[in-house]
Amino acid sequence: MVNFWSRYDLISSRISSLQPANNAPWKGVENVEVAPVGAPFPLAAHSGYFRDTGAMSVIYQAIASGKISDQRLIRSEFKSEIKLKSKITLTLLFLTSIIGAFVWVYLGGENGWLQLCVVLLMLLSLSATFSVVRNDFKRHWKANAD
């Protein structure tokens, strides 16, 4: 049994409750994280599995032959290559915007310049995060298109 899931699909997740008995002829659940088209946006990621050629090739092969190729599973699996430096930078950018928001609220919310800076920092943080994540997914899709 194969479970395709994505961290950006709010409805999907890894399945660990269907473990086989010791003498069962099946291996249990094979959890495969994929990069559905539309990720990192949750609704688009949830409906994007059918446009993911890696996941669909595994499903088509299983239907047509009754078998699942380990090579196809490995090829369809998403492995993020976002570097630790990028993760730390994005986290610091986001935390700076949150701290700025608390300072602005603490000052009574009257300072227009601080409000503008906080909003711009939050927008910059969100756009940088989405850009890094989308580039990671595009790398995966391009590698699997070949």
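Predicted model: local features only at pLDDT ≥ 70, side-chain atom pairs only at ≥ 80, totals over all residues.
Against which elements do the buried residues of α2 pack?

1. **Overall composition.** The protein chain contains 5 helices and 2 strands. Read from the N terminus, the elements follow the order β-β-α-α-α-α-α. The chain has 146 residues, of which 29% count as buried. Among contacts between residues at least 6 apart in sequence, 63% join residues at least 24 apart.

2. **Helix α2 and its packing.** The buried residues of α2 pack against β1 and against α3 (70-76). These buried residues are G54, A55, M56, S57 and V58. Helix α2 covers residues 53-65, and its end C-alpha atoms are 18 Å apart; this agrees with expectation, because 13 residues at 1.5 Å a residue should span 18 Å. After α2 comes G66, whose phi is positive, near 80°.

3. **Helix α4.** Helix α4 takes in residues 84-106, a run of 23 residues. From the first C-alpha to the last, α4 reaches 33 Å, close to the 33 Å expected at 1.5 Å a residue. Its buried residues are L90, S97, G100 and A101. In general, an α-helix has 3.6 residues a turn, so residues three or four places apart point the same way. Just after α4, G108 adopts a positive phi of about 95°.

4. **A nonpolar surface patch.** Which residues form a nonpolar patch on the surface? The patch consists of L84, I88, L92, F94, L95, I99, V103, Y106 and L107, and together these residues have about 970 Å² of accessible area. One of them, L84, lies in helix α4. L84 has a relative accessible area of 60% and is therefore exposed, the cut-off being over 50%.

5. **The salt bridge.** The count of salt bridges comes to 1. It is formed by the side chains of E33 and R7, with an N to O distance of 2.6 Å. E33 belongs to strand β2, whereas R7 sits in the loop between β1 (2-5) and β2, so the pair ties together parts that are 26 residues apart in sequence. Side chains of opposite charge can pair when their charged atoms come close. The two partners may also be described by their accessibility: E33 counts as buried, at 9% relative accessibility, while R7 is partly exposed, with a relative accessible area of 46%.

6. Leaving aside residues up to four places away in sequence, N31 touches N3, W5, R14 and I15.

7. **Points for the reader to locate.**

Conventions
Residues numbered from 1 in each chain as written. Heavy atoms only, no water. Helix = DSSP H or I, 4+ residues; strand = E, 2+ residues; numbered from the N terminus. Expected span 1.5 Å × (residues − 1). Buried < 20%, exposed > 50% of the residue type's maximum accessible area, 1.4 Å probe, protein only. Patch = residues over 30% accessible without salt bridge, like charges linked within 9 Å, V, L, I, M, F, W, Y side chains within 5 Å. Areas by Shrake-Rupley, 256 points an atom, 1.4 Å probe, with all protein chains shown as cover. Salt bridge = Lys/Arg side-chain N within 4 Å of Asp/Glu carboxyl O. Contact = heavy atoms within 4.5 Å.
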